Amino acid sequence: MMDLPPVGRQATAVYGYAHQHLLQRGRLSLQWLALAALFLLVLGSGCGPLGNAPPPSPTSPALSAAAQQMQALWMYDEQHGWASTQRSVLRTTDGGAHWRDVTPQPETGSASQGPVERIVTAYLDAQTAWVALIFQNARTTPIYHTSDGGQSWQRTNIPAPSIGVVQLIFVDALHGWLLVNLGMATNAEAVAIWRTSDGGGHWQRIMQVSAAQARTAQGQRTLPYTGSKSGLAFIDTTTGWATGSEPGLNQAWLYVTHDGGQSWQFQSLPLPTGSEKAQIATLPPRFFSSRDGLLPVNLYTAGKASLYFYITHDGGQTWRYGAALPASVIAWSFVSASIGYATDRTTLYVTRDGGQHWSQQLPTGPFSDVIQLDFLTATRGWALCLAPPAKTHILKTSDGGRSWQQLS
């Protein structure tokens with residue numbers, strides 16, 4: 001976070017949180033989710049500031065309940081971080097010991113859209129975030145932006161179906177994208193991509209693909225209608241990737257754009273020996289510089305499922321796979337293109353060469369039921385744990401995962 005460029009540490013639905021959005025979409029069976037280890041996943045108007053209502057006390061009963069329902073955690077530095085529940089945005093200024101609810105609220109007098117179904121978030125730094133509030137059957141999507149840590153929010157309405165919004169990402173304070181699910185079919189998904197270049201004040205739809213377009217637009221370079229899309233990731237304002245899976249494809253579902261998401265081209269990946277007929281699920285890559293990045297890929301073949309991290313040192317032009325991790329690994333966090341951590345909820349795996357090799361580490365302390373890892377440096381990290389009866393708590397390590405202590 002602190003020692004990496006924005007492209008490496010931005011928190012979106014892409015890196016640690018793709019699982020959250022895929023589960024919300026109900027698009028994959030629980031079996032495939034386990035095999036795939038999917039832990040980890042817009043012309044507007046009406047922008048105006050919200051009131052600065054006093055946030056609740058960090059120790060209020062309502063907040064305590066919300067803090068126990070965290071689905072995603074992202075620390076920007078030793079003290080400041082964000083967390084998401086299904087319907088709330090939380091923020092900490094003391095390293096995760098206490099959390100304040102800073103969820104944006106509709107303006108007084110605005111038309112009621114019913115209760116919020118869920119939220120989709122993008123966190124850029126300790127002060128800057130975007131939140132889409134998802135309402136059932138709403139024809140527009142309100143997206144809120146804060147640049148003061150959630151003390152105040154500005155709203156823009158996007159003419160995109162609210163319930164279909166599945167991902168919101170930003171590469172800097174101005175440039176962002178919105179991925180919208182327009183409908184599912186057997187082994188296919190219609191989607192639209194919206195883009196902003198003014199921090200979310202205005203959005204423009206730049207790509208859309210549907211069943212009808214797939215039949216009539218053979219030569220157009222859009223994303224294909226076929227395949228289930230797991231998300232987007234951008235390295236800068238022009239170059240990005242779309243990832244997903246398609247049963248029976250026997251090759252990676254991976255597309256790259258060099259014009260900010262308007263057009264897409266298929267990109268092939270080398271497969272490990274014996275995986276030529278594997279079922280493959282790709283997840284959005286994460287970049288740590290303009291050249292160095294990692295791409296998570298799940299393979300299921302001959303009754304065996306494995307997780308691989310592909311590495312690139314040429315900006316994603318070529319990718320090389322590393323050593324296999326068991327499919328039971330459900331969460332991971334990298335602090336650089338070399339150093340990373342992964343877990344199957346109880347065992348911690350460590351790599352120092354970008355996933356080419358992994359070693360097991362048996363942590364001391366209450367390290368169990370882990371659903372997310374978030375390492376700030378090679379030594380300091382947090383773990384989000386889900387324990388019965390469906391309540392979360394946070395662990396912290398200061399020695400590279402060898403020992404852990406519970407914060408909340």
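## A buried aromatic pair to start with

Phenylalanine 309 and tryptophan 332 are both buried, where buried means under 20% relative accessible area, exposed means over 50% and partly exposed is in between, using a 1.4 Å probe and protein chains only. Before going on, a word on the source: this is a predicted model, so local features need pLDDT of at least 70 and side-chain atom pairs count only at pLDDT 80 or more, while totals for chains, interfaces and linings use all residues. Residues are numbered from 1 along each chain as its sequence is written, and side-chain values use heavy atoms, with hydrogens and water left out.

Back to our two residues. Phenylalanine 309 and tryptophan 332 form an edge-to-face aromatic pair, 5.3 Å centre to centre with 85° between the planes. (Rings of Phe, Tyr and Trp, the last through its six-membered ring, pair if their centres lie within 6.5 Å; planes under 30 degrees apart count as stacked, over 60 as edge-to-face and the rest as tilted.) Phenylalanine 309 sits in strand E21 (residues 304–312) and tryptophan 332 in strand E24, 23 residues apart, so to speak linking distant parts of the chain. Helices (H or I, at least four residues) and strands (E, at least two) are DSSP runs, numbered from the N terminus.

Phenylalanine 334 and tryptophan 358 make another edge-to-face pair, with 6.1 Å between centres and 80° between planes. Phenylalanine 334 belongs to strand E24 and tryptophan 358 to the loop between E26 and E27, so this pair ties together parts that are 24 residues apart in sequence. Phenylalanine 334 has a relative accessible area of 4%, so it is buried. Tryptophan 358 counts as buried too, at 16% relative accessibility.

How many aromatic pairs does a search of the whole structure find? The search turns up 21. There is also an aromatic cluster made of Trp74, Tyr76, Trp82 and Tyr123.

## The chain as a whole

The chain's secondary structure comes to five helices and 31 strands. Of its 408 residues, 57% are buried. The accessible surface is about 15,900 Å², and carbon and sulfur atoms account for 52% of that; these areas come from the Shrake-Rupley method with a 1.4 Å probe, and for residues only the protein chains shown count as cover.

## The sheet with E24

Strand E24 (331–334) is an edge strand, as is strand E27 (359–361), each pairing on one side only. They belong to an open, antiparallel sheet of four strands in the order E24-E25-E26-E27. Two strands pair if DSSP finds at least two bridges between them. On average, neighbouring strands here are turned by 25° against each other, direction ignored. (Axes are lines fitted to C-alpha atoms, for helices over the stretch in contact, and angles run from 0 to 180 degrees between N-to-C directions.)

Inside this sheet, four bridges join E25 (residues 340–343) to E26 (residues 348–351). Glycine 340 has threonine 351 in E26 as its bridge partner.

E11 and E12 pair over nine bridges, and leucine 179 stands opposite isoleucine 193 in E12. Asparagine 187 is in the loop between E11 and E12. Its phi is near 55°, a positive value in a residue other than glycine. With a relative accessible area of 39%, asparagine 187 is partly exposed.

Which residues of the largest nonpolar core touch the most other members? Out of 20 residues, they are Ile193, Met207, Leu223, Leu232 and Trp264. A nonpolar core is a set of buried Ala, Val, Leu, Ile, Met, Phe, Trp, Tyr and Cys residues joined through side-chain atoms within 4.5 Å. E12 gives the largest share of this core, four residues. A second, separate core has 17 residues, including Val120, Ala122, Ile158 and Trp203.

## Leucine 407

Leucine 407 lies in the segment after strand E31 (405–406). Leucine 407 has a relative accessible area of 26%, so it is partly exposed. Setting aside residues up to four places away in sequence, leucine 407 touches Gly95, Gly96, Ala97, Trp382, Ile394 and Lys396, with contact meaning heavy atoms within 4.5 Å.
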